[in-house]
Amino acid sequence: MTVARAAAIGSLVVAVIAVAVLMFSSSGGESYVLHLQTANQLVKGNSVKVGGLDVGKITDISLSKGNQASVKVQVNDDFAPLHEGTTAVIRQSSLPSVANRYITLTPGPNNAPKIPAGGVIEEDKSTNLVDLDQLFNALEPKTRKGLQGVLQGFATWYAGQSNDLAQTFKYLGPSLQSFAEVMAELDRDQKAFTDFVVNGARAVSAIAERRTDLTNLVTNGNSFARAIGQQNASLDRALANFPATLRVGSTTFANLRVALKDLNRLTDVSKPATKNLAPFLSDFADLFKTMQPTFEDLRYIVRNPGKANDAADALRQAPALERLAATNTTNSVAALKRGQSVIDFIRPYAPDLAAWVTHFATVPAYYDANGHYARVLPIFNAFSYDPGQNQLNALAPSERKTILTGRGNRYCPGSATQPAQDNSNPFLDDGRLGPADCDPNTRPPGP
């Protein structure tokens with residue numbers, strides 16, 4: 001029994017030692033050091049991944065001699081050793097959290113020289129994560145203040161309007177789809193659309209050739225309208241008396257129908273004899289007595305004692321109305337001529353506007369329980385493309401910030417969509433738009 005107990009105790013001790021070795025000993029692999037601009041809120045124990053698989057972890061973070069973040073990582077034996085050309089990028093799983101950072105490695109080719117254990121992957125082979133506060137810090141204080149005001153304004157605007165906004169987005173997609181179908185129908189029959197535009201231009205040109213006659217017509221109409229406007233008091237009185245006149249006239253015409261029946265009956269009876277003509281004339285006299293008030297009201301409309309209170313006075317004031325209309329028409333024509341420059345400036349951007357409306361539905365196409373949303377992600381490239389050598393060249397850290405101050409592409413009007421067959425876009429204004437204004441060869445990236 002003593003020997004058996006000693007063996008059991010020895011086996012237990014060996015098991016405990018084995019467990020301790022497995023728990024506290026190194027898991028193998030190789031260690032490497034990454035030099036980063038900043039630690040980007042990395043902590044010890046964060047994962048190191050290759051192609052989405054965990055291949056190691058961060059074991060230490062310190063400050064290098066060049067005031068950079070020196071991050072020590074351990075890569076397991078399945079992916080060690082690393083080779084030259086290996087790059088590292090700091091990523092995060094989602095935007096709401098800042099404690100979910102990890103490092104993703106892109107191993108270099110296997111035929112490249114190996115990086116020795118403890119070797120360094122320099123800063124030009126690493127890419128930091130751009131935080132939102134870094135993006136906002138790149139803006140001027142005035143710009144940040146304006147952006148804050150815009151966001152607060154949107155919050156005030158949509159306060160209590162979430163249901164209406166959700167209902168709006170519910171019908172926005174079908175509306176844009178319907179508009180896209182309409183544009184597709186216009187685009188499908190280019191000849192009919194072109195004929196419509198050409199014939200419309202011809203009609204406008206024909207009208208322009210008779211612009212003198214048209215101006216005279218508008219001028220005379222303006223004068224006539226001005227003269228009528230000067231007789232507004234007379235017109236008010238005439239319109240005020242008009243309902244009563246209509247009522248009397250309605251009664252008169254109602255009685256006239258009875259008179260016409262009697263007249264037909266009189267005609268029928270008068271054919272064989274005219275001895276019954278006297279009763280008919282008596283009834284006819286009664287008809288004239290009934291119509292007498294109507295004619296009296298008509299007399300006051302045509303000629304009424306007093307100043308500017310009848311139709312004759314309104315006609316005498318027509319020339320003054322014509323002079324007033326002439327001035328207003330001249331001003332209207334001048335306004336239309338001044339607005340022509342605005343129309344000429346906006347017209348070249350018609351393809352850009354049509355392309356934006358046609359393809360905007362694809363941006364907020366995603367939706368979840370809260371409604372539609374757009375996926376927007378700022379990406380700052382760490383490389384530049386050399387078309388002559390067909391290769392990517394790493395950018396120095398100082399060069400990566402130029403994206404925040406660059407002016408972007410210099411598109412010409414109409415460059416937001418494919419060039420038309422008639423070369424109407426991009427619009428170069430018959431060569432007057434040169435390299436100092438825009439670059440006709442700059443096009444948006446393809447789908």
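I looked up Gly-29 and found it in the loop between helix H1 (2-24) and strand S1 (30-36); helices (H or I, at least four residues) and strands (E, at least two) are DSSP runs, numbered from the N terminus. I note that this is a predicted model, in which local features need pLDDT of at least 70, side-chain atom pairs count only at pLDDT 80 or more, and totals for chains, interfaces and linings use all residues. Residues are numbered from 1 along each chain as its sequence is written, and side-chain values use heavy atoms, with hydrogens and water left out.

Gly-29 is partly exposed, at 25% relative accessible area (buried is under 20%, exposed over 50%, partly exposed in between; 1.4 Å probe, protein chains only). Leaving aside neighbours within four places in sequence, I list Val-75, Asn-76 and Asp-77 as its contacts (heavy atoms within 4.5 Å). Its C-alpha atom is 8.6 Å from that of Gly-56, 27 residues apart along the chain.

Next I looked at helix H3 (residues 141-157), which gives the largest share of a nonpolar surface patch, 5 residues. Leu-147 is found in H3, belongs to the patch and is partly exposed at 34%.

I then searched the whole structure for disulfides (cysteine sulfur atoms within 2.5 Å) and got 1. Cys-412 and Cys-438 form it, with sulfur atoms 2.1 Å apart. The S-S torsion is about 95°, so I log the disulfide as right-handed. Both cysteines lie in the segment after helix H12 (397-400), so the pair ties together parts 26 residues apart in sequence. Cys-412 and Cys-438 are both buried.

Notes. Patch = residues over 30% accessible without salt bridge, like charges linked within 9 Å, V, L, I, M, F, W, Y side chains within 5 Å. Areas by Shrake-Rupley, 256 points an atom, 1.4 Å probe, with all protein chains shown as cover. Salt bridge = Lys/Arg side-chain N within 4 Å of Asp/Glu carboxyl O.
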